Amino acid sequence: MMSSRVGQRWIFRSNSGWLGGDRITDLSVLTLCSALVLMGLVMLLKFTVEKVRADATVEWPTAVGTVLSAQLDELEYGAELRWFPRVSYQYTAQGRTVINTQLTPGQQPQWRDRADATRFLERYLARSRVLVYYNPANVSDAVLEPRAGGRADASCGLGIALVALGLWCLMIYDWLR
């Protein structure tokens, strides 16, 4: 009996799954690992798109705008509070007068500390002049700060960690077989 299996690889055995274990176990491990890797890749893709958009906004033409209003919104996230600055500004570009509220490309900035959010908002006093970066293809698309928010770096790190975790789990499972 033993002599008939000598030299055969586990993958060629008739009852083995894709990874050499039970078919149902292999399917479960492959599904879990694939889901982790796929989620990580989606987060990395989102990070890349936000980074490219943020880099593009630096090259956009500028116009001088006026801050119409600036306020701090407080929202509850479970047991903690977060503060979101809301700035409304007006600018004229390519002969059109536009009112906008977008501060940064991608998701808007937020803070867990009210003092930090207030310090950020002090830059945008009502009726003050601001430099507005606008998209020449669509003048209503504009930002005041042409760089990605702080969460973009976190999504990159989490994406890399998910891909690494998925591949690591697959290698450990294969090693334990």
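Phe84 is buried, at 15% relative accessibility; buried means under 20% relative accessible area, exposed over 50% and partly exposed in between, with a 1.4 Å probe and protein chains only. The model is predicted: local features need pLDDT of at least 70 and side-chain atom pairs pLDDT 80 or more, while totals for chains, interfaces and linings use all residues. Residues are numbered from 1 along each chain as its sequence is written, and side-chain values use heavy atoms, without hydrogens and water.

Phe84 pairs with Tyr77 in a tilted arrangement, 6.2 Å centre to centre with 40° between the planes. Rings of Phe, Tyr and Trp (its six-membered ring) pair if their centres lie within 6.5 Å; planes under 30 degrees apart are stacked, over 60 edge-to-face and the rest tilted. Tyr77 is partly exposed, at 43%. The charged end of Arg82 sits over the ring of Tyr77, 4.9 Å from its centre (the rule asks for NZ of Lys or CZ of Arg within 6 Å of the ring centre and within 35 degrees of the ring normal).

Tyr89, Tyr91 and Tyr134 form one aromatic cluster. These three are also among the residues with the most contacts inside the largest nonpolar core, which has 20 residues. Such a core is a set of buried Ala, Val, Leu, Ile, Met, Phe, Trp, Tyr and Cys residues joined through side-chain atoms within 4.5 Å. Strand 2 gives the most to this core, five residues; strands are DSSP runs of E, at least two residues long, numbered from the N terminus.

Disulfides number zero, a disulfide being a pair of cysteine sulfur atoms within 2.5 Å.

Methods: Helix = DSSP H or I, 4+ residues; strand = E, 2+ residues; numbered from the N terminus.
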